[in-house]
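Good morning, colleagues. Please take a moment with the sequence and the structure before I take you through a few of their details.

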Amino acid sequence: MSMYFVGIDISKYKHDCCIISAADQKVVSKFTVQNDKAGFEQLLAIFNSLSHPKDIRIGFESTAHYALNLELFLENANHSFMEINPVIIKEYKKSTSLRRTKTDSVDCESIARWLMTVEYKPHSKGFYHAYSLKSLTRLRDRLVRQRSFYLVKITNVLDHTFPEFKPFFHERLSKTALYLLENYGSAEKMARMNAASYEKLRSLSRGKFSPQQFLRLKELSANTVGVNNSIFDVELNSLLTLYKSLVKEIDTLEKEINTLIEEAHPHYMSVPGIGSLSAAVIYSEYGDISNFSTPAQMLAFAGIEPGVNDSGTESHGGRMVKHGSSQLRYVLLNCCLPLIRFDMTFAAYYAKKRGEGKPHRVAITHVAKKLVRVIYALERQGIDFNAQKLR
């Protein structure tokens with residue numbers, strides 16, 4: 001049977017499709033389907049009239065959550081599909097025409113024709129598990145950023161009402177500090193704390209909050225240069241409520257993420273420095289490692305490969321390209337910090353790069369590249385990390 005290439009331009013409410021025959025490389029059909037059950041069944045009917053599922057190659061750009069329902073539908077119908085980085089299609093269009101025409105009809109044909117020029121690498125089966133982790137880890141990341149935002153706002157209020165408070169707690173809002181803010185709020189109320197108040201603080205801190213610290217805090221409260229204003233009290237209470245709500249939601253998300261990543265349990269979780277949350281981000285962003293032919297492709301996906309300029313008499317490297325997932329790149333670089341502390345081979349590699357005159361961030365980037373190569377080897381060979389075999 002004949003082979004067909006299908007390019008689909010994904011939108012929120014509709015999908016534009018272009019089908020090209022491999023035999024003569026001509027457009028067989030162009031049509032639009034709605035992003036609903038009737039539209040999906042219409043698409044499947046057209047595919048069934050063409051050929052067997054294995055002879056139909058489908059591609060579309062990676063467009064966040066808009067393609068998820070279509071992906072699940074195609075998987076259940078035994079059709080494979082390939083997700084494509086939108087940057088690749090954009091560059092392909094530029095290479096085939098000087099015209100700056102962008103329509104859904106043109107885009108879906110560009111996707112189909114690009115699909116004919118590359119090795120077809122369909123999305124792995126059971127991708128929904130990775131997608132679930134991606135949704136949860138990215139939501140957690142957003143909530144953590146919001147939590148940090150509210151901590152800054154709480155600090156701003158304290159700068160007005162009790163500027164000595166955070167320095168007393170070494171510039172961090174510990175569990176004890178938050179308890180004080182929630183139950184007393186103002187410096188005036190903290191100055192009136194009694195022995196019963198101290199017993200509660202001592203119990204909460206498991207004995208770490210000493211009587212001397214308690215008396216010092218009362219002294220600071222009584223002599224603060226802060227302003228006692230009911231408006232600031234209202235603002236502080238509101239911010240603390242929002243902060244506590246985020247802490248609770250983040251904790252719920254982390255429990256679900258830990259459960260999902262333990263079910264998958266990738267081999268790179270055995271690498272020192274890669275905890276369950278970091279492993280979840282790596283797993284969800286990379287997906288099936290078998291889709292990558294080389295570690296270099298994984299580096300490019302994470303955007304930690306260097307730019308290269310090789311033209312005429314000039315040949316030199318550039319800065320990190322920083323394409324791809326910023327969250328993946330951030331996690332990989334962060335994993336390297338404990339890694340160079342607990343693993344001798346990675347520590348020696350970091351020291352070697354520093355010895356070559358490279359700054360800390362550049363040296364850590366080189367360690368991250370080595371880590372990606374290790375992750376690739378562990379998953380492709382199906383083995384856990386063994387420091388003795390690392391070179």
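Predicted model: local features only at pLDDT ≥ 70, side-chain atom pairs only at ≥ 80, totals over all residues.

I begin with a strand pairing: the residue that bridges to Lys14 is Gln34, in strand β3.

Strand β2, residues 14–21, and strand β3, residues 27–34, run antiparallel and are joined by seven bridges. The two strands make up a hairpin, with five residues between them. In the turn, Gln25 has a positive phi of about 60°.

The largest nonpolar core has 77 residues, and the members that touch the most others are Phe165, Tyr286, Leu332 and Leu371. Helix α11, residues 230–264, supplies the largest share of this core, with 11 residues.

Which residues does Phe165 contact, leaving aside its neighbours within four places in sequence? They are Leu158, Leu173, Ala177, Leu180, Leu181, Met190 and Leu217. Another core lies apart from the largest one; this core has 19 residues, including Tyr4, Ile10, Val33 and Phe60.

Finally, I return to helix α11, where we find Leu236. Is Leu236 buried or exposed? Its relative accessibility is 2%, and buried means under 20%, so Leu236 counts as buried. Not counting residues up to four places away in sequence, Leu236 touches Ile154, Val157, Leu181 and Gly185. With Ile154, the separation in sequence is 82 residues, while the C-alpha atoms of Leu236 and Ile154 are 6.3 Å apart in space.

Thank you for your attention.

Definitions and conventions: Residues numbered from 1 in each chain as written. Heavy atoms only, no water. Pairing = 2+ DSSP bridges. Helix = DSSP H or I, 4+ residues; strand = E, 2+ residues; numbered from the N terminus. Core = buried A, V, L, I, M, F, W, Y, C linked by side-chain atoms within 4.5 Å. Buried < 20%, exposed > 50% of the residue type's maximum accessible area, 1.4 Å probe, protein only. Contact = heavy atoms within 4.5 Å.
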